[in-house]
Amino acid sequence: MPWALAGVAAGALITVVGLRLAGGTSPPLPSARPGMAPDISQMSPEERATRLYNRVMSMHAAGKADSADLFLPMALQAYAMLPALDIDAHYHMGVLRLTGGDAPGALAEADSIRRLAATHLFGFVLRAQAFELQHDRRAQQAYREFLRNEAAERARGLPEYADHAQNLDSFHARAVEATRGK
């Protein structure tokens, strides 16, 4: 009996420490009582997936690679469990795969995006980054395609472009630099 109590206490401690270490810039989740861990059973599958994506990206940006690596499989699994994947979900999965060094997985997500919308910018972003990760010269073509389609696509005013405007702006600068003189 004392061993069982010790096991429960250790499990609770690990959960609390994990939640505190994993805290990021994403919005707080609803909980039954203030100060309590969020009740993920009350979130939609999309909210859980987005929450985990934000957690991994926040940890990665903060230089906490070990923590990001811990939550990366959970985030990918959360997206895999969604009943349907839209372009933004495919993009998030591709970025997660790039974060984990999985260039072929990111290319598969880029292909899924291109099947849904051939000129969507997220497909070009994922392709270029995955090819860069593989040191593949086809990255240049993906950068050129991004630049060729960027003005028309951004003029569409899609919500996912607004949500990821900073990433697209940064990628634009990288694409211009990568294709300069080529």
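1. A polar contact is a pair of N or O atoms within 3.5 Å, of which, within protein, one must be able to donate a hydrogen and the other to accept it. In this predicted model, the side chains of E150 and H172 form such a contact, at 2.5 Å.

2. E150 lies in helix α7, which covers residues 138-155. The residue has a relative accessible area of 9%; because buried means under 20%, E150 is classed as buried. Leaving aside residues up to four places away in sequence, E150 touches L121 and H172.

3. Helix α9 comprises 15 residues, 165-179. From its first C-alpha to its last, α9 reaches 21 Å, close to the 21 Å expected at 1.5 Å a residue.

4. Which residues of α9 are buried? They are L168, F171, A175, A178 and T179. Viewed down the axis of α9, the buried residues fall within an arc of 85°, so they line one face of the helix. An α-helix has 3.6 residues a turn, so residues three or four places apart point the same way.

5. What does the buried side of α9 pack against? Its buried residues pack against α6 (121-133), α7 and α8 (159-163). The face turned away from this buried side carries Q166 and E177, both of which are exposed.

6. After α9 comes G181, with a positive phi near 75°.

7. As to the fold as a whole, the protein chain contains nine helices and zero strands. Read from the N terminus, the order of elements is α-α-α-α-α-α-α-α-α. Of contacts between residues at least 6 apart in sequence, 57% join residues at least 24 apart.

8. The protein chain has 182 residues, of which 38% count as buried. The chain exposes about 10,700 Å², and carbon and sulfur atoms supply 59% of that area.

9. On confidence, the average pLDDT of the protein chain is 84, and 77% of the residues score at least 70. Over residues 1-34, however, the pLDDT is below 50. Beyond near neighbours in sequence, this stretch has 23 contacts in the model.

Methods. Residues numbered from 1 in each chain as written. Predicted model: local features only at pLDDT ≥ 70, side-chain atom pairs only at ≥ 80, totals over all residues. Heavy atoms only, no water. Helix = DSSP H or I, 4+ residues; strand = E, 2+ residues; numbered from the N terminus. Buried < 20%, exposed > 50% of the residue type's maximum accessible area, 1.4 Å probe, protein only. Contact = heavy atoms within 4.5 Å. Expected span 1.5 Å × (residues − 1). Arc of directions from axis to C-beta. pLDDT = per-residue confidence, 0-100. Areas by Shrake-Rupley, 256 points an atom, 1.4 Å probe, with all protein chains shown as cover.
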